[in-house]
Amino acid sequence: MLIRKLRSLCLVGGLMLVSACGATPPEEANSPEPAKTNVVMIIVDDLNDWVGAMGGHPDTKTPNMDRLADEGTLFMNAHATAALCGPSRASVMTGLRPSTSGIYAQLSDKDIKRASPATENITFMTEYFAKHGYKTLGIGKIFHNGAPDGSIEEYGGRIRGFGPHPESEFVWDSDRTNTDWGVFPEHDEDMIDYKSAMWAKDKLNEEHDRPFFLAVGFIRPHAPWYAPQKWFDMHPPEQLTMPPYLKGDQ
């Protein structure tokens, strides 16, 4: 595995951002120039502070995230610049606040650089790394839809939507939202995020001729909340800690 030590872990308005450094290649160990480290950025859609390491909820079971937090720096007071996915991601990837970029709503990735004079000649984070000698790779939901054309050297794509979906909804059927939940599909291997994780794993195990920047965008826990049975079994309903509420509140 090329990634050796986590540098930082922070949650920013539903996005989990992970930065890691890679091992210095042996041939570069004695180089007069400081060796560039590999960087992995993991973006998780709609994740809030309900992570074990952050004490966000007593029922949360997130051992892998907790282990990452233990190995690096955990930022406990990070905030989004916007309350929506698209503007938040545009802000992270451009380095501009919505008040500067003018991006306050959802928009297509291809339209970011057309949003305002401030974004017209902007350099995306991935492009910045490319300009500094990095090989850029990515898969999944990195920007709002996926990734703008040409912004990532090797992009594994994104399966559209937030599937997989059963033939019909289990609980909630509405054209306005995909807020449904239930046991589906049968195996983890059928989940979109599993496929993204395996793609990223393969890239980490490849030999690269340059240091790399790898962005991995997972879509869960964005609705609909479908998952194989084993994940529901970890949270028996009778053992869940319910949030406080006012009796009679409609």
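**Sheet, cores and salt bridges in a predicted model**

The backbone oxygen of Ala90 lies 2.6 Å from a polar atom of the Thr94 side chain. A polar contact is a pair of N or O atoms within 3.5 Å; within protein, one must be able to donate a hydrogen and the other to accept it, and residues adjacent in sequence count only if both atoms are side-chain atoms. The model is predicted: local features need pLDDT of at least 70, side-chain atom pairs count only at pLDDT 80 or more, and totals for chains, interfaces and linings use all residues. Residues are numbered from 1 along each chain as its sequence is written, and side-chain values use heavy atoms, with hydrogens and water left out.

Thr94 belongs to helix H2. Helices (H or I, at least four residues) and strands (E, at least two) are DSSP runs, numbered from the N terminus. Thr94 is buried, at 11% relative accessibility. Buried means under 20% relative accessible area, exposed means over 50%, and partly exposed lies in between (1.4 Å probe, protein chains only). Leaving aside neighbours within four places in sequence, Thr94 is in contact with Ile112, Ile122, Thr123 and Phe124. Contact means heavy atoms within 4.5 Å.

The sheet comes next. Four strands form an open sheet with parallel pairing, in the order S3-S8-S5-S6. Strands S3 and S6 are the edges, and each pairs on one side only. Two strands pair if DSSP finds at least two bridges between them. Between S5 and S8, six bridges run in the parallel sense. Thr136 stands opposite Phe213 in S8. Helix H5 lies across S3, S5, S6 and S8, and runs at about 170° to S8. Axes are lines fitted to C-alpha atoms, for helices over the stretch in contact, and angles run from 0 to 180 degrees between N-to-C directions.

In soluble globular proteins, nonpolar side chains tend to be buried together. A nonpolar core is a set of buried Ala, Val, Leu, Ile, Met, Phe, Trp, Tyr and Cys residues joined through side-chain atoms within 4.5 Å. The largest nonpolar core has 19 residues, of which Met41, Ile112, Ile142, Phe143 and Phe213 touch the most other members. Strand S3 (39–44), helix H2 (85–94) and strand S8 (212–218) are the elements that give two or more residues to this core. S3 gives the most, with three residues. Another core, of 16 residues, lies apart from it and includes Val40, Ile42, Val51 and Met65.

Side chains of opposite charge can pair when their charged atoms come close. The whole structure holds 12 salt bridges, each a side-chain nitrogen of Lys or Arg within 4 Å of a carboxyl oxygen of Asp or Glu. Arg114 and Asp111 meet in one of them (3.4 Å, N to O). Arg114 is exposed, at 60% relative accessible area, and Asp111 is partly exposed, at 23%. Glu154 and Lys135 form another, with their closest N and O atoms 3.8 Å apart. This pair links distant parts of the chain: Glu154 is in strand S6 (residues 154–155) and Lys135 in strand S5 (residues 135–140), 19 residues apart. Glu154 is partly exposed at 26% relative accessibility, whereas Lys135 is buried at 12%.

Asp188 and Lys230 also meet in a salt bridge (2.7 Å, N to O). Asp188 lies in the loop between strand S7 (181–183) and helix H5 (192–205), and Lys230 in helix H6 (residues 229–233), so the pair ties together parts 42 residues apart in sequence. Asp188 is buried at 17% relative accessibility; Lys230 is partly exposed at 46%. Elsewhere, salt bridges that share partners join Lys135, Glu154, Lys203 and Glu206 into one network.
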